[in-house]
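Trainee: Could we walk through this structure together, starting from the inside?
Mentor: Gladly; have a look first, and then ask away.

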Amino acid sequence: VDYYHDRLLKTPVALDYLRGRGLCHDEALRAFRLGFSDRTLGLRLPYMNRKEGEAIRTRLQTLGLIRESGHEHFNGSIVLPIYEYTGHACPAAGGGADHAKRVVEMYGRKIGERLRPGTPKHLYLPGPHEGIWNAEALDGGEVILCEAAFDALTFWVHGFHNVTFIYGTEGFPDYLFDAILQRR
């Protein structure tokens, strides 16, 4: 997450994409650790033929960040980490996610228009959804539920911090529904 965040801050085309969507907001970038996957992660890791490199790359494959082919799963995507939900929201200093928590899910949004046919623009890590983005939104008097991550982020950058998203129209997880009921 830190590597992708650093890459976003150093990649003008990614920042321009966010700017064009009204999402290049310093506080949001910091609070939610938005990042960018630009195919450079593999260059920063030890080679696969080294013990340390094999261990790191195998771990990243297990997590779903690197595919079996060795390519980054989120290549060409703005990346939004989602943290584990422990039953209570704990905002970090400055708002946003509690970075002491474990990242359990990531969302990626491709920014390029020239994609191979069939390439999805929206990606998550493989497996079932986990975590609640902006879990502190559940602590307010009301919560705004959005279909997708960038919809929720749009509300957030415009001052509506009591917002989260449901992983798409078919993705509203039971644990999110239960957490909303618990907090109300």
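**Inside the fold**

Mentor: Let us begin with Trp133, which is buried, with a relative accessible area of 2%. Keep in mind that this is a predicted model.

Trainee: Is Phe165 buried or exposed?
Mentor: A residue counts as buried under 20% relative accessible area. Phe165 has a relative accessibility of 1%, so the word for Phe165 is buried.

Trainee: How are the planes of the Trp133 and Phe165 rings arranged: stacked, tilted or edge-to-face?
Mentor: A pair of aromatic rings is described by the distance of the centres and the angle of the planes. Planes under 30 degrees apart count as stacked and over 60 as edge-to-face, with the rest called tilted. For Trp133 and Phe165 the centres are 6.0 Å apart and the planes are at 40 degrees, so this pair is tilted.

Trainee: How many residues apart in the chain are Trp133 and Phe165?
Mentor: Trp133 sits in the loop between strand E4 (122–124) and E5, while Phe165 belongs to strand E6. Their pair therefore links distant parts of the chain, and the separation is 32 residues.

Trainee: What about Phe172 and Phe177: stacked or edge-to-face?
Mentor: Phe172 is partly exposed, at 33% relative accessible area, and Phe177 is partly exposed as well, at 43%. Their ring centres lie 6.1 Å apart with the planes at 80 degrees, so the pair is edge-to-face.

Trainee: Which element supplies the largest share of the largest nonpolar core?
Mentor: That core has 30 residues, and Trp133 and Phe165 are among the members that touch the most others. Elements supplying at least two residues each include helix H2 (12–20), strand E2 (77–83) and helix H6 (149–157). The largest share, 6 residues, comes from H6.

Trainee: On how many degrees of arc do the buried residues of helix H1 lie?
Mentor: In helix H1 (residues 2–9), the buried residues are Tyr4, His5 and Leu8. They lie on the same side of H1, because the arc they cover around the axis is only 105 degrees.

Terms used
Residues numbered from 1 in each chain as written. Predicted model: local features only at pLDDT ≥ 70, side-chain atom pairs only at ≥ 80, totals over all residues. Heavy atoms only, no water. Core = buried A, V, L, I, M, F, W, Y, C linked by side-chain atoms within 4.5 Å. Buried < 20%, exposed > 50% of the residue type's maximum accessible area, 1.4 Å probe, protein only. Helix = DSSP H or I, 4+ residues; strand = E, 2+ residues; numbered from the N terminus. Arc of directions from axis to C-beta. Phe/Tyr/Trp six-rings, centres within 6.5 Å; stacked < 30°, edge-to-face > 60°.
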